[in-house]
Amino acid sequence: KTFEEAVLRNERDSTAYYYLGLIAYNNGDYITAETYYRTALQLGADAGTVNWALGLTAYANSKHGDAIKYLNEAMRISPEKYKERCTELINRINNPD
């Protein structure tokens, strides 16, 4: 509720949209999470972090092609922060056993 109020007060606040995405993801509402993350990205949120979140969300929603795309983008933008985690998840997607 607090983040929804933050968006109403400042609809250009990328942080509030990002956190709304996290909440939706946590609630299993992956479509809504993706929408909030995309809005956060458009408003200038950290692109590496948002692409990581989009990758996790796509993975959780069994959209593995999209997940790989977002994870690769997160690694490209912030390799020092996301290379290891993204590589691990991409390997899990490609080798599900």
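The crossing of α4 and α6 is left-handed in this predicted model. The two axes come within 11 Å and cross at roughly 15 degrees. That angle makes α4 roughly parallel to α6. On the α4 side, the contact residues are G48, T49, W52, L56 and Y59. They meet K81, Y82, R85, C86, L89, R92 and I93 in α6.

## Overall layout

The chain has six helices and zero strands. Along the sequence the pattern reads α-α-α-α-α-α. Of the 97 residues in the chain, 36% are buried. Among contacts with a separation of 6 or more, 40% join residues 24 or more positions apart.

## Helix packing

| Helix pair | Angle | Axis distance |
|---|---|---|
| α4 and α5 | about 160 degrees | 7 Å |
| α3 and α4 | about 165 degrees | 10 Å |
| α4 and α6 | roughly 15 degrees | within 11 Å |

Take α4 and α5 first. Helix α4 spans residues 47-60 and helix α5 spans residues 64-77. Angles over 145 degrees count as roughly antiparallel. At about 160 degrees, α4 and α5 are therefore roughly antiparallel to each other. Their crossing is left-handed. From α4, the residues in contact are A47, G48, N51, W52, L54, G55, A58 and Y59. Their partners in α5 are H64, D66, A67, Y70, L71, E73, A74 and I77.

Now α3 and α4. With an angle of about 165 degrees, these helices are also roughly antiparallel to each other. Helix α3 passes α4 in a left-handed crossing. Y30, A33, E34, Y37, R38 and L41 come from α3. They meet A47, V50, N51, A53, L54, T57 and A60 in α4.

## Aromatic pairs

How many aromatic pairs does the whole structure hold? A search finds five. In general, a pair of aromatic rings is described by the distance of the centres and the angle of the planes.

Consider Y17 and Y36. Their ring centres are 6.2 Å apart and their planes stand at 45 degrees, so the pair is tilted. Y17 lies in helix α2, residues 14-26, and Y36 lies in helix α3, residues 30-42. The pair therefore ties together parts that are 19 residues apart in sequence. Y17 counts as buried, at 12% relative accessibility. Y36 is partly exposed, with a relative accessible area of 22%.

Y18 and Y37 form another tilted pair. Here the distance is 5.6 Å centre to centre, with 40 degrees between the planes. Y18 lies in α2 and Y37 in α3, so this pair too ties together parts that are 19 residues apart in sequence. Are Y18 and Y37 buried or exposed? Y18 counts as buried, at 17% relative accessibility. Y37 also counts as buried, at 1%.

Ring pairs extend this group: they link Y18, Y19 and Y37 into a cluster.

## Two single residues

S62 lies in the loop between α4 and α5. Its phi is near 60 degrees, a positive value in a residue other than glycine. S62 counts as exposed, at 58% relative accessibility.

N94 lies in helix α6, which covers residues 79-94. N94 counts as partly exposed, at 47% relative accessibility. Its C-alpha atom is separated by 9.4 Å from that of I68. Along the chain, N94 and I68 are 26 residues apart.

Technical notes: Residues are numbered from 1 along each chain as its sequence is written. This is a predicted model: local features need pLDDT of at least 70, side-chain atom pairs count only at pLDDT 80 or more; totals for chains, interfaces and linings use all residues. Side-chain values use heavy atoms; hydrogens and water are left out. Rings of Phe, Tyr and Trp (its six-membered ring) pair if their centres lie within 6.5 Å; planes under 30 degrees apart count as stacked, over 60 as edge-to-face and the rest as tilted. Helices (H or I, at least four residues) and strands (E, at least two) are DSSP runs, numbered from the N terminus. Buried means under 20% relative accessible area, exposed over 50%, partly exposed in between (1.4 Å probe, protein chains only). Axes are lines fitted to C-alpha atoms, for helices over the stretch in contact, and angles run from 0 to 180 degrees between N-to-C directions. Angles under 35 degrees count as roughly parallel, over 145 as roughly antiparallel, 65 to 115 as roughly perpendicular and the rest as oblique. A crossing is left-handed if the near helix is turned anticlockwise from the far one by less than a right angle, and right-handed if clockwise. Contact means heavy atoms within 4.5 Å.
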